Each structure stands twice: as structure tokens, then as C-alpha cells.
Amino acid sequence: MKKIVYAFPFQLLMLHLRSNHWTLLWWLLFLAFVTGGIGKIFGLKYLFLDPEYMGEVDFWGFLFVGLTFGGLMMAWHITTYVLHSYRFPFLASLSRPFTVFCINNSIIPLTALVIYLVSMVQFQMYNEFAAENSLLFYAFGFLLGVGLTIAITSLYFYFTNIELSIFDGTKGASFILSTLTKGQEKMEEESARGASRHAWRVDYYLTSRLGTRRVRTVKHYDPEYVLTIFRRNHTNALVIQTFSLVLLISLGYLIDYPMFRIPAGASILLIFTILTMLAGALSYWLRSWTTSVLIILLIGIHLVTSYGWFNHPNKVYGINYNKTVPYSYEMLDSLNNLKSYKEDKNKTKLILEYWKQKNEVAGKSQKPKIVFLNMSGGGLRSGMWAGLVMQKADSITNGQLMEQSFMITGASGGMIGATYLREVYLKKMLGENVDFYNKKYIEHISDDLQNALAASIATNDIFLPWVKFEKNGYTYRKDRGYMFETQLNENTGGILDKTLADYEEIEQLAKVPLLVFTPVVISDGRRIIVSPQDLSFLTMPKIGFKYPYMVEHDAVEFKKLFAEQNPLNLPVTSAIRMSATYPYVLPAIGLPTEPEIHVMDAGFRDNFGTDMSIRFISVFKDWIERNTSGVVIVQIRGIGKLEVIEKSPPRGLINDMVNPLSVAARVSQLQDYGQDSKIDLLIDLLGEDMVDVVRLIYQPTEQNERASMSFHLTTREKRDIEAALHLKNNQDALEALQLLLK
């Protein structure tokens, strides 16, 4: 037991557990990501276990992850060597002190490596159905990357290392010592004096050939010689850290080029490498003041980035940010009033009349049903589900679903799928040779978006967006919002590279359903209604237009609020992003108002789009009763309707503190309760025979977990989403819809 306890690897492990919490943090985060302990619902583990490069998960993706994992390993070794080598004076007597230190310091990184490989193999087998030869190829790519980084770093240290044998007197040592700053020299001297008091007992160590050897004393060496060796190795750390930082910034500058978009997991490991060395440097210089200075530094960064040159809020593209408009009650009153209500209602009636003409069938006495498509949020799983359902439902109704749909609303991922499928449908309506039911469109929707986002965060956003680009004559900064739109356009073949203006007349002629986005203002919870049409009647309950101040303005139109900022130049991808801005994944979007407002995901007010549909129906109740045989609300949900009642966890002090706040995580269920009541009121308003609600709900098949709410889908998740169409409840819903639109 003594040999084990006083072996160098065990002593280093104990030292890290006792003192190296800041540097251990990045290993813990890596393992938490890989195993799904953190961010499982958002699919963070996919960034590491399913790394994508140039649109493919293959050898190259794993090679990049391996290269950066090797970088983190070496950063760990360098940092801990800088911090603690003085505690082990015997190292200075060795021919390759740093190499020996790395070998004995490898328990934690090798444990992480093994856990990663096991997790990767399990993930690829279960989720991607990878064959054995593919698994071996992936593992080889990862290990080759790790080996290359270690080899290159070791080669560098081989030529820059210093050992006791090179000194034959004080002259050489004095020359190196003279290159050090006075502050560093003083600190090193203090460390050297403390080494005798704080040196850790080590009896055995692993050699560079992995044999064991007893430690020999270095008391007969001049302490200044020993100190010089450690100093020179310390300066090597700065070279490695600088190289990593330059590499990361360069990747951010080149992010427009797909070949430079390394897998997001690799980018994150690069950040961990820099942070490991930074934490080590701070600990080295600040010692016991490290935590206090870090807190002060974080507060300082917050204050500096809140104002002036360092404050760069994300923007939507195509509109003019050089002028601002007031965001106030007076402005809301001027936009949302009885006059605008009547004017916009009459304009929309004209669109309804075009819809009616399109759906009147000669010789058919029954009036058509008017359909409202409601899309739920939920990342790419909802986007893919929306596309699948739209194709299937339109197919079984002989094209009537899209013909009879008047408006599409919703949130986040569902609106990505709906917007894309509507554009495909439009191409078909304009006479292009398009097969609306082609499976390739579902593949396009489900293509990865997450890698580009995470890579942008790691290589660009973390340093503040500094690369600029122009759009419609205005200048903006590239960040993960820009990368989201760029990647979405690439995935969908560029057919969404349009502006709101491109849809204004097409929607007015009812060639396609109206598309209404409803992102939420963070500061007051109001919706921003984004549409090329004038829809002021949706900005508050209709009683408010007749009796001002009886109810609140709960929305404002993007088109009217920014009338002088070219609002119809807004790209449709920016409208999608406004509606899909989930916190942290995408940046909150600043708009040119005074005071400045920021918007985020529409799902925080209505994750299903039902509120807007019900409000529209209530405004046009009379027209609907005269000209249709009823309303069909089709809810296409990537989120379940009837959730399982979960068992309460064991009670405890922390549970008692957290449980009252857990209701905030039930936003979708709370919205469901409220919308069920509104549907009930709508039935009272129109009558039971005039309102039908059809729900098509993605839920995992019996053997599978629910697909993650992220911008990445595995092969298993894609198959599971497709299989959900065949579940009995969805088959029943499709049959009901077929009968309603017959």
C-alpha cells in the first residue's frame, strides 16, 4: 500500500483533487457533455459523439476531435507542471522531466479518453447503427488525432527542454535567469523556498519507458539550477497557449468557408484548452487570490461589454439600424387603433375572398372548411415532424390540406419545417417541376444546424463578434445568428433566401397560406408580429379597439413599427430565427427602438401557434360563418399533449427550495391549459359543428427515448420521428382530417 500511496501518479491525483479545481472543471464539463449529464435534452453530447465535418460524420470529424482532445491533454500537463513541479524537486534530475511528469499525470486524461471512446462506440451503435468497421475507423481517427497532437507537442518540448546536465557552472544559469522579469523571479524564488516546506513525498515514479524507478535525491544540486529548469519549461506554456488562441480566432474569421468549420466539439475542446491554461496562469500568478480576482474580472467584463465599443447586440438583417423608433405606449396606441383595425380587416377580407375563389368547386354545394396550421416548437425534431405531417396530410387529402389552409403560425423548429415546405409548395403552384411529397425535403429540414452554431460560439462569439458583412447596403457582425441563417440556406438549397417583400403579393392572392411569426419581447412579453401583411387586428383582443385601455396591447406589428427601416427587406431566415431564438443556443435579437428591445423564441408566449389562430377566427367570425362550413385547427406538435404525471422526488432541503420554481419548466403544459379554455370559448362562439381540432403529435415509439430538442438529429431519432406517423393516435387523426377535407 505504501508503494501505491507514495507513487508519483497517485500523489499527483491527490494533489489535483485537493488543489486544482479550476483546471479540473473542464474535464468534468467534457465528461458531463459526453455522458449526457449536462444538456442532454439539447443534444450537446452529439457535438462530441457525432462530430460533423463538411456535412458528414466520418473519419475527419473524429480526427479533429482527437487533435483538440490531445491539445486539452497537453494543456492540462503543461498547466499542472507549471503550478506544481516545484513540489517534486526530483524531476529536475531527470533527462526528460516534462515527459516523465506527463506520463505520471495521465490518470485523469486517460480516464476521460476511455469514457469518451466507450460512449462514442455505444452512441454510434445505438443511434447511428454504425458497422464495426466504421467504429474502428472512427476510433482510429480520434486516437490518431490525439497521438499527432502529443507527438508535435512532445517534439517541441524535446528541443526546448532543459535539464541539469546541460549546466557546467553558473554562467549558463545566470543567462537564462536574466531573461525573466523581476516579478516572476521573485515568485519563483518564493516557490523554491516553499518547496522544501511543501514538497510532497514520492518514492516511486513511472519512467518514460513505463517502468518503475525509485526517486533519487537532488539535495546536492544548487537550488537555483533546479529553479532555472522549471522556469524555462514554464515559458513554453505561453507559446502553446498563444498558438491555440490564434488558431481559434483564425477559425472564426474563416467560418464562412465550410472546410474551416471544424466540428463544434473540437472548437469547444479548443476553448477548454485555452481556459485550462488561463486558469493555470491566474493560479500561478495570483495564488490564493485567484477566486477573488476571477469574480472581480467577471464583473468587470460584464460592465465593459454593457456599453460602447464592446457592446454588440445581435441584429436581424436587411433593415436599417442607423435610426431608431420609440417603443412606448404612445407608439403602440398610434399603431393599434380602431382605424388600423378596420383598414387591416378589410385588406384581409380580400385575401379571404381569393382563398374562397380558390376553394370553390363547381357543382359542389358544400362550402369548404378553412384550415389553420399550428406548429409547435422543439428544435429539428419539430421541424422534421412538421414537414412529414404536411406531406402526409396533403397527400391523403388529395392536395386539399395546403389548398384549404389559410394561415400558418407557431414557434421555433415547427416553423422552420413549415416555412420550408410552404416554399416548396409555392414553387409547385408557380408551375415548377416540383414533387411536394419528395422525401429529400424532409432530409433537408433534418440536416444538422447545431455544428455551425456551436462552432461559431467557440471561434467567434466568445471573443465578441468582430468580423463584419454587408446586406442590402447595411453592415452587420457575423455571429451564431448569422451562421444559423447561412447553414439553414445551405441545407435547403438556398430557396429560403428571400425577403418578406417576396411574399407580400403572393399571400395577398392566397396562392399560399399566410405565414405569421410571433417572437416575444424579453422586457415586457409582448409579441412582435412578423408578416408582409397588415395584421393590426392581432395585436390585442378585439374589444380593445372599441374600448381603448380595457385590455392591454399584447403585440405590435414588425412591419408598422419599423415602417421607416425597410421592414419588408427582412430575410425570411431572419424571421425564422426571431421565432426560434432559444436562450443561449441563439443570441437574443436587438431591434432598433428606443429604448432598445430584444426578442426571443415565440414559444415563451405560445409554443403551438393556437392563440393567433383563435384570435384571427374570432375577428372574422361573421365571414367564416357565411363562407365556410367550419374551422379546422390542425395542431402539428413535436411536444406531447398528455404528459405522464411524474413521481415526486424525495423531499429534502434543496428540493423544498427548488420545487416551487419547477413550475417554470412546465411552460408548454401551462399554455395547453389556457389554450384548451380558449378552444372551448371558440366552440361556444361558433358552435360545435363549426370547430374541429386535429392533433398530430410526435411521441417516441415504445422502445425509444424522445428525440432531443436540439438542432441535430441522429439516425435513430429520424427513424423514430418517421415511425411516429404510424402510431394509432396519429393514424386516427389523419383519417379524421381526411374526412373533414373530403
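1. A contact here means that heavy atoms of two residues lie within 4.5 Å. Among contacts in this chain between residues at least 6 apart in sequence, 80% join residues at least 24 apart. The structure is a predicted model, in which local features need a pLDDT of at least 70 and side-chain atom pairs count only at pLDDT 80 or more, while totals for chains, interfaces and linings use all residues. Residues are numbered from 1 along each chain as its sequence is written, and side-chain values use heavy atoms, with hydrogens and water left out.

2. For the overall picture, the chain has 31 helices and 16 strands, where helices (H or I, at least four residues) and strands (E, at least two) are DSSP runs numbered from the N terminus. Of the 742 residues in the chain, 55% are buried, and the cut-offs are under 20% relative accessible area for buried, over 50% for exposed, and in between for partly exposed (1.4 Å probe, protein chains only). The accessible surface of the chain comes to about 33400 Å², of which 60% belongs to carbon and sulfur atoms; these areas come from the Shrake-Rupley method with a 1.4 Å probe, and for residues only the protein chains shown count as cover.

3. Turning to the sheet, five strands form an open arrangement in the order 8-5-4-15-16, with parallel pairing. Strand 8 (514-517) and strand 16 (691-697) stand at the edges with a single partner strand each, so one side of each has no neighbour in the sheet. From one strand to the next the twist averages 15°, with axes taken as lines fitted to C-alpha atoms (for helices over the stretch in contact) and angles running from 0 to 180 degrees between N-to-C directions.

4. Within that sheet, strand 5 (residues 405-410) pairs with strand 8 in the parallel sense over four bridges, and two strands count as paired if DSSP finds at least two bridges between them. I408 stands opposite L515 in strand 8. Helix 15 (residues 338-359) lies across strand 4 (370-375), strand 5 and strand 8, and runs at about 125° to strand 5.

5. In helix 20 (residues 450-459), nine of the 10 residues are buried, among them Q450, N451 and A452. Q450 is buried because its relative accessible area is 9%, and, leaving aside residues up to four places away in sequence, Q450 touches F42, G43, L44, Y46, L47, S710, F711 and H712. In helix 25 (residues 572-579), eight of the eight residues are buried, so this helix is largely enclosed by the rest of the structure; R577 is one of these buried residues.

6. The surface also carries a nonpolar patch formed by F137, F140, L144, L148 and I152, with about 480 Å² of accessible area together. Patches are made of residues with over 30% relative accessible area and no salt bridge, like charges being joined within 9 Å and nonpolar side chains (Val, Leu, Ile, Met, Phe, Trp, Tyr) within 5 Å. I152 belongs to helix 8 (residues 132-160), and I152 counts as exposed because its relative accessibility is 58%.

7. The structure holds 27 salt bridges, each being a side-chain nitrogen of Lys or Arg within 4 Å of a carboxyl oxygen of Asp or Glu. In one of them the side chains of E504 and K559 meet at 3.5 Å, N to O. This pair links distant parts of the chain, with E504 in helix 22 (residues 501-508) and K559 in helix 24 (residues 558-561), 55 residues apart. E504 counts as partly exposed at 24% relative accessibility, whereas K559 is buried, with a relative accessible area of 15%.

8. Another salt bridge joins the side chains of K560 and D534 (3.5 Å, N to O). K560 lies in helix 24 and D534 in the loop between strand 10 (527-529) and helix 23 (543-546), so the pair ties together parts that are 26 residues apart in sequence. D534 is buried, with a relative accessible area of 14%.

9. R526 is buried, with a relative accessible area of 8%, while D524 is partly exposed, with 32%.
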